[in-house]
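Please read this report with the model open beside it.

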Amino acid sequence: MEWFERTKPYEADLIADLNQIVKIPSILDPNTQSDRTPFGVDMARALAKIEELAARDGFRYGRVDNMVTWIEYGPADAAETVAILTHIDIVPAGEGWLRDPFKPEILDGLYFGRGAADMKADLMSAYYAMKYLADHEITLTRKIRLIIGTDEENGWRDLPRYFEVEGEPTMGFSPDGAFPVVNGEKAFQTVQLRFANQTTGDYVLRRFIAGSRPNVVPGEARARVSVPNPVQVQNEFATYLAQYPFLSGQSEVRDQEVRLLLKGVQAHGAYPQDGENAGTYLANFLRRFAFNADAKTFLDFIGRVVHDDIGAENLGLRYHDDVMGDLTLNVGVMRFSQNGQGTILLNFRYPQGVNVQAVTTQVQRHLGDFVATVEVWPGGMEPHLVPETDELVGTLSLVYAKQTGMYMNPRTSNGGSYARLLKRGVAFGGQFPDVPVTSHQANESTPVANLTRSMAIFAESLLKLAK
């Protein structure tokens with residue numbers, strides 16, 4: 001019997017359990033952080049729910065510092081461990097949803113909900129792959145640990161702590177990428193610009209807000225401006241939007257103040273080419289007006305220097321590596337508040353051959369008249385590459401080829417998965433090549449058929465790695 005035929009009967013139960021996980025808005029919540037809930041109450045609820053499933057199914061499980069839950073199958077005293085590295089946290093829902101992101105639905109063969117693609121569906125497919133092995137009482141030599149983090153979308157403070165306490169697994173994969181095997185991941189680093197917000201004269205930028213995370217292409221941007229002729233700004237804004245069919249927006253006049261809303265296309269910051277950055281487009285529109293002081297340089301930097309420049313060519317950072325590809329830039333967060341302090345977060349993904357010092361140096365050199373402090377955000381990662389000759393890469397590649405009928409060479413990704421935390425760690429699934437990427441986007445979805453399709457690939461892979 002083919003593996004997919006073995007896993008298909010699990011589909012209804014998998015979906016029922018996935019629904020319980022997706023309904024929990026496991027988003028970083030500073031307002032409810034404590035020692036018992038280091039990333040917020042909802043994150044703790046999500047871990048408790050997956051532990052409830054583990055107890056139901058008879059797995060060994062535990063928790064590290066209320067940050068990470070592990071679930072285990074195989075000989076407890078095994079000298080070697082095969083890890084499945086996952087996370088249960090998600091990015092905020094954002095705007096533009098046609099349905100409630102925390103009330104999962106199946107429509108036209110697609111499963112909708114925040115986390116459907118990144119990565120609650122793949123977490124549950126991996127869990128059910130392990131459950132399949134346990135249900136059939138398959139004997140293993142190595143033990144398998146499903147490791148579930150809660151800070152992947154933010155500071156990566158969870159799994160490093162897990163490794164300190166539990167040690168590093170022998171090898172592993174993270175189903176937080178794509179098929180086939182992703183044996184290389186570019187570096188990722190966020191650079192923060194801090195600056196004053198002085199703005200005076202006839203044109204005053206009172207407030208500018210775009211983005212919530214450095215690793216998300218902002219799908220919405222808002223600004224409040226005081227101008228001599230509000231109607232002129234409104235008319236020019238409508239004309240500007242008409243030039244770009246992928247943009248939309250609206251404007252409102254209150255006395256001499258204009259309030260602007262511009263909507264672009266939200267996407268994962270690892271692949272900025274998939275989105276349309278609402279923040280840089282709004283700045284690109286506003287820079288035509290006679291703002292001065294910090295408002296002028298702020299709008300010029302994000303509306304000209306880094307606008308529509310995902311290769312960071314205007315920062316002198318265009319770079320290509322034959323193995324790992326191109327450097328990319330996402331302008332993830334933009335903040336300006338009159339007479340306050342402003343912030344811009346630039347998220348870079350770069351291959352081997354580039355380092356963080358080169359990135360920060362080039363950003364500083366290209367600020368022009370923009371007076372800003374350039375700082376490196378903590379938590380960045382250098383490039384990661386596992387040789388194609390490694391047993392892990394070969395085994396996973398062959399399983400994927402066998403089950404899909406198509407061999408595809410290992411490749412490099414712009415995304416950053418927990419696999420890079422292991423010396424012998426790769427990303428593997430659950431994004432299939434023929435499926436549009438919806439991670440971090442409105443109306444995030446995954447094909448229902450791929451839930452057990454991924455489960456089948458993971459189950460055979462775990463069997464071969466741990467047998």
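The text below starts with the conventions and then takes up each feature.

This is a predicted model, in which local features need pLDDT of at least 70, side-chain atom pairs count only at pLDDT 80 or more, and totals for chains, interfaces and linings use all residues. Residues are numbered from 1 along each chain as its sequence is written, and side-chain values use heavy atoms, with hydrogens and water left out.

**Sheets**

Helices (H or I, at least four residues) and strands (E, at least two) are DSSP runs, numbered from the N terminus. Two strands pair if DSSP finds at least two bridges between them.

Axes here are lines fitted to C-alpha atoms, for helices over the stretch in contact, and angles run from 0 to 180 degrees between N-to-C directions. Within this sheet, E19 and strand E20 (residues 341-350) pair in the antiparallel sense over seven bridges. Val331 stands opposite Leu346 in E20.

A second open sheet has three strands, ordered E4-E5-E26, and its pairing is also antiparallel. Strand E4 (105-107) and strand E26 (445-447) each have a single partner strand, so one side of each is left without a neighbour in the sheet. Here the twist averages 30° from one strand to the next. Strand E5 (residues 110-112) joins E26 over three antiparallel bridges. Leu110 has Pro447 of E26 as its bridge partner.

**Helix contact**

Helix H2 (residues 11-22) meets helix H11 (residues 449-466). Their axes come within 10 Å and cross at roughly 105°. H2 and H11 are therefore roughly perpendicular to each other (angles under 35 degrees count as roughly parallel, over 145 as roughly antiparallel, 65 to 115 as roughly perpendicular and the rest as oblique). H2 contributes Glu11, Leu14, Ile15 and Leu18, while H11 contributes Ala449, Leu451, Thr452 and Met455. Contact means heavy atoms within 4.5 Å. By class, the contact residues are six nonpolar, one polar and one charged. Ala, Val, Leu, Ile, Met, Phe, Trp, Tyr, Cys and Pro count as nonpolar, Asp, Glu, Lys and Arg as charged, and the others, Gly among them, as polar.

**Pocket and cavities**

Rolling a probe the size of a water molecule over the atoms shows where empty space is left. On a 1 Å grid over the protein atoms alone, a cavity is a set of points where a 1.4 Å probe fits but cannot get out; a pocket is an open set with protein on both sides within 12 Å along at least five of seven lines; lining residues have an atom within 4 Å of a point. Grid points are joined across faces, edges and corners, and a volume is the space filled by probe spheres set on the points.

The whole structure holds three cavities of 30 Å³ or more.

| Space | Volume | Lining residues | Classes in the lining |
|---|---|---|---|
| Second largest pocket | about 480 Å³ | 25 residues | 10 nonpolar, nine polar, six charged |
| Largest cavity | about 70 Å³ | 13 residues | six nonpolar, six polar, one charged |

Closest to the centre of the pocket are Gly94, Glu95, Gly219, Glu220 and Gln266. Strand E11 (204-210), strand E12 (216-217), strand E13 (220-226) and strand E19 (328-337) each supply at least two lining residues. E13 gives the largest share, three residues.

Nearest the centre of the largest cavity lie Ala117, Gly430, Gln431, Ser445 and Thr446. Strand E25 (430-431) and E26 each supply at least two residues of this lining. E26 gives the most, with three residues.

**Backbone details**

Most residues other than glycine have a negative phi, and most peptide bonds are trans. Met119 is in the loop between E5 and helix H4 (120-135). Another runs from Phe179 to Pro180, with omega near -5°. Pro180 sits in the loop between strand E8 (177-178) and strand E9 (181-185). Ala293, a residue other than glycine, has a positive phi near 55°. Ala293 belongs to helix H8 (residues 293-305).
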